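This briefing concerns contacts between side chains in one protein chain. Please look at the sequence and the structure before reading the points below.

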Amino acid sequence: MSDVSLSKKPVSIAAQLIFIFGWLLTIVFISAFGSDSGEQDVASLGLSPAIIRAVIVFQGVLVFILPVVFFLFILRRTTFNFLTITTGFNPMLLIFGILAILFSYPLIEWVGNLNAALQLPSGLQEVEQWMKGKEKESAFAAESLLKDKSVTGLIGNLLTIAFTAAFSEELFFRGMMQKTLLKTRLNAHFAIWLTAFIFSAIHLQFYGFLPRLFLGAILGYLFYFSGNLWVSITAHFVNNALVVLVGYFSSDVALNPLENSNETTMFGTHPVFAAVSLIMVFGVLFFIKRNYQQKALEIDA
């Protein structure tokens with residue numbers, strides 16, 4: 001399906017990229033230097049889970065969804081077809097996307113353990129302490145929500161931590177950023193990994209950077225090979241929903257990778273599990289590429 005443009009000519013690709021990266025730099029600056037006591041502020045305010053969930057939804061709309069709307073209708077002067085979120089697709093792709101995420105867990109866990117063991121040189125101790133503080137701050141709000149063991153709390157967490165985050169982030173990173181980078185005729189693999197790198201970096205969770213990088217790359221390939229954003233949204237949602245469900249049924253929740261030990265993980269640091277995981281994920285992606293990519297390219301033409 002061709003991209004349906006509105007009456008006026010869109011601005012240049014360069015201007016579109018300037019907007020995307022300029023917006024991201026603004027968000028990073030505000031997140032990194034706007035507050036150094038986020039955890040203490042949330043704790044001292046004594047916010048209820050309902051308020052925290054409302055804040056999460058508001059942030060998702062403000063930070064990720066509204067920029068996409070501005071990008072589409074003001075900069076590109078086009079419709080939501082650009083995101084390939086309104087086009088038809090084979091529902092089986094949703095299952096393949098979920099399988100890719102499930103198969104990736106040993107690999108993600110192994111990479112995460114390596115990332116969590118990162119230690120900076122002694123001369124950068126202050127930087128390392130700042131990084132650890134940001135890690136703790138980022139995990140605090142979600143951990144607070146996961147301590148709510150009510151059914152209402154579970155549903156609320158699935159809607160906010162799982163769906164809102166997955167939907168808004170996939171709109172921004174895969175639907176807008178990755179798609180725009182591909183429109184520049186960049187190498188597809190470079191565009192996917194660059195988007196995944198930025199997707200991971202924007203979270204400012206340095207000790208979870210590598211596992212989120214690999215997750216972002218898998219989501220990027222799912223979107224690229226399937227040609228529909230709902231595939232990566234669904235896979236992203238399942239990944240987040242499993243975290244919520246584990247938190248709901250677990251008595252002790254720790255989202256900060258610095259607080260997790262190998263004893264609390266399913267596969268630990270064994271590289272054999274990671275290697276098998278990588279092969280299985282590659283197999284799913286290759287199957288999608290072989291059977292569905294050509295149709296996806298025709299839709300995007």
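The points that follow cover salt bridges, aromatic pairs and charges placed over rings. The model is predicted. A search of the whole structure finds 2 salt bridges and 18 aromatic pairs.

**Salt bridges**

- D148 and R53 form a salt bridge, with their closest N and O atoms 3.1 Å apart. This pair links distant parts of the chain, 95 residues apart: D148 lies in the loop between α5 (125–146) and α6 (151–183), while R53 belongs to helix α3 (residues 49–76).
- R53 counts as buried because its relative accessibility is 10%, and buried means under 20%.
- A salt bridge also joins the side chains of R174 and E170, at 2.7 Å from N to O. Both residues lie in helix α6, 4 residues apart, which is about one turn of the helix. R174 and E170 are both buried.

**Aromatic pairs**

- Among the 18 aromatic pairs is the edge-to-face pair of F197 and F209, whose centres are 5.2 Å apart and whose planes make an angle of 80 degrees.
- F197 lies in helix α7 (residues 188–201) and F209 in helix α8 (residues 209–226), so the pair ties together parts that are 12 residues apart in sequence.
- F197 is partly exposed, with a relative accessible area of 44%, whereas F209, at 19% relative accessibility, counts as buried.
- F64, F172, F173 and F199 are linked into a cluster by ring pairs.

**Charges over rings**

- The charged end of R174 sits over the ring of F199, 4.5 Å from the ring centre.
- The charged end of K179 sits over the ring of F82, 4.7 Å from the ring centre.

Note on methods:
Residues numbered from 1 in each chain as written. Predicted model: local features only at pLDDT ≥ 70, side-chain atom pairs only at ≥ 80, totals over all residues. Heavy atoms only, no water. Salt bridge = Lys/Arg side-chain N within 4 Å of Asp/Glu carboxyl O. Helix = DSSP H or I, 4+ residues; strand = E, 2+ residues; numbered from the N terminus. Buried < 20%, exposed > 50% of the residue type's maximum accessible area, 1.4 Å probe, protein only. Phe/Tyr/Trp six-rings, centres within 6.5 Å; stacked < 30°, edge-to-face > 60°. Lys NZ or Arg CZ within 6 Å of the ring centre and 35° of its normal.
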